[in-house]
Amino acid sequence: MGKLAVKQYLVGTVVAAIGCMSLIALILTLAKHNNLELPPDIQYGMVIDAGSTHTALYLYKWPGGKENNTGVVSQVLVCDVEGPGISSYAPDPPAAGQSLTTCLDDTEAAIPTSQRRSAPIYLGATAGMRLLQMQNVTQAERVMDEVTKTIKKYPFDFKGARILSGTEEGAYGWITINYLLEGFIKYSFEGEWLKPKGGKFLGALDMGGSSTQISFKPKDPVKDPTSAAHLRLYGFDYSVYTHSYLCYGKDQAMKRLQVYLLERNNISQPVTHPCYHQDFTLTLTLDDLYNSPCIEKTGTFDSKVSVTFQGSSNPIQCLVAVKTLFNFSDCSFAPDCAFNGVYQPPVNGNFFAFSAYYYTFDFLGLAPQAPLPQVNSTIETFCKKDWATVKAEHPGVKEKYLLDYCASANYMMTLLQEGYKFDQSNWNNIFFQKKVADTDIGWTLGYMLNLSSLIPPEHPLLITGVQQEQWAAGVFFIVFALFLSIVVIVILCAWNPDY
Ligand SMILES: Nc1ncnc2c1ncn2[C@@H]1O[C@H](COP(=O)(O)OP(=O)(O)O)[C@@H](O)[C@H]1O
Ligand SMILES: [Ca+2]
């Protein structure tokens, strides 16, 4: 082998080594870009929904490192807490904390040990606690302190327990729905973050026990700042109309209806209740009826005195009575009013109606959608049935729910049509639904996404834009080096056939 051949041999070896290294670098770079180097760890997060009638713990999961994409956070499980909502424990606050332990234990068992300490947990209380706060601040604080104490005993990343405002409750419900439907942003096949074309967003109709919320993106900007939620998600601004009506949740509305019928009746007994079924009777104390800040107390009365309601299965009278719960005449934003003088722009787009809306319409066989005439005739037929028939036809349904379906269906129809102004033309835009993509619809997911920064305020493209360019340049140089190595090796081989 001559001197020239040795030189060529050395140069060839160096170039081949560079080529191999470039090839390895290229593979590693591509793998890293596609997040292929390690299977992503699953991360967990929890939200406790402390509602007025009931508490539920939601466990969510998502692949670590992919949190910017929409739709990647999904529900693992929901645990229903035994017993009533936490506000009912006002006379015995430690029992509110105690009530959560079974669900916390079960959820802890569902999360791998290594992932527990990094799993955020939030508790949000809604209208039941808002009402208790109005009635007795000290009791409300004690209940919140006790639930906090209990959650802190668990090996999770406790992020706080607080009472949500009605605006937050409405806005987070809207975020949940549109996140699950991938309305905000999509990761395309080409690997780009895109804002979905058409920009269709779904509205949220939430019927709780003590408050009800409506949230949607109106055609025109929201005129009343007190009913607007300004959100910045993935670099885009959203102005969402949202309003929460305290005391217009299903259970408080049912109570206000009873009080209306009682007071109209001049306290003579028994009180005819047109929304209750024939032969059904219900006896309550005046304290049961008047113990809520949603009920106006006129004069003094003996709270131990009992009142009996007697059903009359009269849907027409039921509707008349239900309408008295609303004031449709007051409006300083005419014609943009819902009821009670509250500003509301015209409803826009499709809506998901969940929580008690869903339970009621599902019970009547009207979920997820039924034409308006069918809805009206179904409600009327059901309301006309006597109690024995209703019980016989629905043996598995809890009596506490069964007794109210006629009244609550009429209440919801009045709220939707005369309150929010849904009519024949857009009735079919409402979907009575409980879940999207195996995840319950409600404020909890939106709350966690927002508080855990799982939805960044800026567009991921803007965040990673520079990195994308650097990555492209890197790949280009590696490929170029590889190409050059091959060319040099080919030339060397061509010059010395013995090589
Ligand atoms: N199976 C059911 N049938 C009818 N209504 C139900 C059913 N399950 C729950 N609900 C109702 O759903 C509502 C849930 O409200 P909740 O979240 O506890 O209150 P809030 O959101 O006002 O704090 C209550 O009115 C409750 O009665
Ligand atoms: Ca609720």
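Is the crossing of H10 and H15 left-handed or right-handed?

Modeller: The model is predicted, and in it the crossing of H10 and H15 is right-handed. Helix H10 covers residues 315-323 and helix H15 covers residues 405-419; their axes come within 9 Å and cross at roughly 55°. Because of that angle, H10 is oblique to H15. From H10, the residues that make the contact are Cys318, Leu319, Val322 and Lys323, and they meet Cys406, Ala407, Asn410, Tyr411 and Thr414 of H15. Sorted by class, the residues of this contact of H10 with H15 comprise six nonpolar, two polar and one charged. In general, the angle between the axes and the distance between the axes describe two packed helices.

One open sheet has six strands in the order S10-S11-S9-S8-S15-S16, and its pairing is mixed. Strand S10 (228-233) and strand S16 (430-432) are at the edges; each has a single partner strand, so one side of each is left without a neighbour in the sheet. From one strand to the next in this sheet, the twist averages 20°.

Strand S8 (residues 203-207) runs parallel to strand S15 (residues 351-355), and five bridges join them; Met207 stands opposite Ser355 in S15. Ala229 has Val240 in S11 as its bridge partner. S10 and S11 form a hairpin with two residues between the strands, where Tyr234 takes a positive phi near 55°.

Helix H11 (residues 356-363) lies across S8, S15 and S16 and runs at about 90° to S15. H11 is also part of the shell around ligand 1, to which it gives the most, with three residues. In total, 20 residues surround ligand 1, and the closest are Gly51, Thr126, Gly208, Gly209 and Tyr359. Helix H5 (127-135), helix H8 (250-264) and H11 each supply at least two residues of this shell. By class, the shell around ligand 1 holds four nonpolar, 14 polar and two charged residues.

There is also an open sheet of five strands, ordered S3-S2-S1-S4-S5, and its pairing is mixed. Its edges are strand S3 (74-80) and strand S5 (157-163); since each has a single partner strand, one side of each is left without a neighbour in the sheet. The twist in this sheet averages 15° from one strand to the next. Strand S2 (residues 55-63) is antiparallel to S3, with six bridges joining the two, and Leu57 stands opposite Cys79 in S3. Helix H3 (residues 101-110) lies across strand S1 (42-50), S2 and S3, and runs at about 150° to S3.

To return to the pair with which the request began, H10 and H15 make a right-handed crossing.

Methods:
Residues numbered from 1 in each chain as written. Chains lettered and ligands numbered in written order. Predicted model: local features only at pLDDT ≥ 70, side-chain atom pairs only at ≥ 80, totals over all residues. Axes fitted to C-alpha atoms, helices over the stretch in contact; angles between N-to-C directions. Helix = DSSP H or I, 4+ residues; strand = E, 2+ residues; numbered from the N terminus. Parallel < 35°, antiparallel > 145°, perpendicular 65-115°, else oblique. Left-handed = near helix turned anticlockwise from the far one by under 90°. Contact = placed C-beta atoms within 7 Å. Nonpolar A, V, L, I, M, F, W, Y, C, P; charged D, E, K, R; others polar. Pairing = 2+ DSSP bridges. Near = placed C-beta within 6 Å.
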